[in-house]
Amino acid sequence: MVSCIEQFIAASGWKQVINKNEVTGISLMTSKLIINNQPFILTIEGNETQHQIMFSLIPPFRVLTGKSIDACLLANFINESFNFMGRLTVSEDGELCYRDSITLAENQPSFELIHDRISAGELLFKRHTEQIAAVSLTRKTYEAQQSEYHRAESAAPPLSAWSSIKNYLKKKYQTFCNANMSPKPLAKQLHTSLSETGWQGNIEPHHNGKDSILSTTLLIRNQTFKVKIIALEEWPIFVLYLFPPCSVMDGKFVDATMLCNAINQSTHHAGTLSLNDHGTIRYREFSTAHNLEPSTSLIHHILERGVALFEEHLDAISAVALTEQSYESIRQDLEQSLFTLEA
């Protein structure tokens, strides 16, 4: 992993030094990245023990006192509405952060993978920094900003999220994309996995017929979750969605959003937890399998992390979503749980 990060530094023309801790197996690089003429802090952390490379991208401003709830609601809206690979989070002290990670059980380390993930974070801030700053630093409310997003979408429907990210990557890393984004038989692998696992489900065309989606169900903690796995042939990647059976009760949207944000701040999982305006909760994770052929084991690796998240946090999610219990009332227990997992 250190070699992978060193290759990325060299390819970027940077001079950063990697701090290595031989005892913990953690390697850390910190740099500045200019986005929209503003200096963002970029960190790349390689964890040999957990077989992960983790990224964070932090803007040069913090959320003002009193605007944390608005900022969390906006972060959730961006996580839910736009298919970036990572997730936008807001800390207790107002730090905004884009987080992402690669688990190397299904990916060989390469600087291309790092380019891929950091570029997605760049794209998020290129498109949304103005809106994030307005809600975080001024009196502008989340509801006002959400209305602007909806008006803009109605006036000029954007390209699909998949196409927009892919086009950005092609523009920035043309050689890499030409070499690595050739079609692979992901749909065939979905059919193979459905057969090998014995799942009861169906596979249908998705996204103008170019891609495929597998729909099935899965028992987690004796509750039936909906599972959707989308095969995007051009990348090529799988995208996993997990939907718990509970929806957020009326009046609990803010509490549930704060809980999703707290879970998203943890780096032990690679996906994004979010909820839509109807109170539907979902977990989403991308797998960029540039170096491996599609396989059932690859799909299982993605699925296992989402299952682990819900096995750990389903009680808290259900309590906040379905009862009068507030996010604040479980925050301390949740933070202790996340801290233990991080350790």
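A salt bridge is a side-chain nitrogen of Lys or Arg within 4 Å of a carboxyl oxygen of Asp or Glu. Searching the whole structure under that definition gives ten salt bridges. This is a predicted model, in which local features need pLDDT of at least 70, side-chain atom pairs count only at pLDDT 80 or more, and totals for chains, interfaces and linings use all residues. Residues are numbered from 1 along each chain as its sequence is written, and side-chain values use heavy atoms, with hydrogens and water left out.

**Overall make-up**

- The protein contains ten helices and twelve strands, where helices (H or I, at least four residues) and strands (E, at least two) are DSSP runs numbered from the N terminus.
- Of its 343 residues, 55% count as buried; buried means under 20% relative accessible area, exposed over 50%, and partly exposed in between (1.4 Å probe, protein chains only).
- Among contacts (heavy atoms within 4.5 Å) with a separation of 6 or more, 63% are between residues 24 or more positions apart.

**Confidence**

- The average pLDDT, the predictor's confidence in each residue from 0 to 100, is 85 for the protein, and 85% of the residues score at least 70.
- Residues 172-183 have a pLDDT below 50, and this stretch has 22 contacts in the model beyond near neighbours in sequence.
- Where pLDDT is low, the predicted coordinates should not be read in detail.

**Salt bridges at arginine 331**

- Glutamate 92 and arginine 331 form a salt bridge through their side chains, at 3.1 Å from N to O.
- Glutamate 92 sits in the loop between strand 5 (87-90) and strand 6 (96-103), and arginine 331 sits in helix 10 (residues 327-342), so this pair ties together parts that are 239 residues apart in sequence.
- Arginine 331 also forms a salt bridge with glutamate 328, with the closest N and O atoms 3.4 Å apart.
- Both arginine 331 and glutamate 328 belong to helix 10, three residues apart, which is about one turn of the helix.

- The side chains of aspartate 100 and arginine 117 meet in a salt bridge at 2.9 Å, N to O.
- Aspartate 100 is in strand 6 and arginine 117 in helix 3 (residues 111-137), so the pair links parts that are 17 residues apart in sequence.
- Aspartate 100 counts as buried at 3% relative accessibility, and arginine 117 counts as buried at 3%.

**Helix packing around helix 9**

- Helix 8 (residues 253-264) and helix 9 (residues 296-322) have axes that come within 10 Å and cross at roughly 160 degrees; axes are lines fitted to C-alpha atoms, for helices over the stretch in contact, and angles run from 0 to 180 degrees between N-to-C directions.
- Helix 8 and helix 9 are therefore roughly antiparallel (under 35 degrees counts as roughly parallel, over 145 as roughly antiparallel, 65 to 115 as roughly perpendicular and the rest as oblique).
- This contact involves Asp255, Ala256, Leu259 and Ile263 of helix 8 with Leu309, His313, Ala316, Ile317 and Val320 of helix 9.
- Helix 7 (residues 186-197) packs against helix 9 at about 80 degrees, with the axes 9 Å apart, which makes helix 7 roughly perpendicular to helix 9.
- On the helix 7 side, Gln189, Leu190, Thr192, Ser193, Glu196 and Thr197 meet Thr296, Ile299 and His300 of helix 9.
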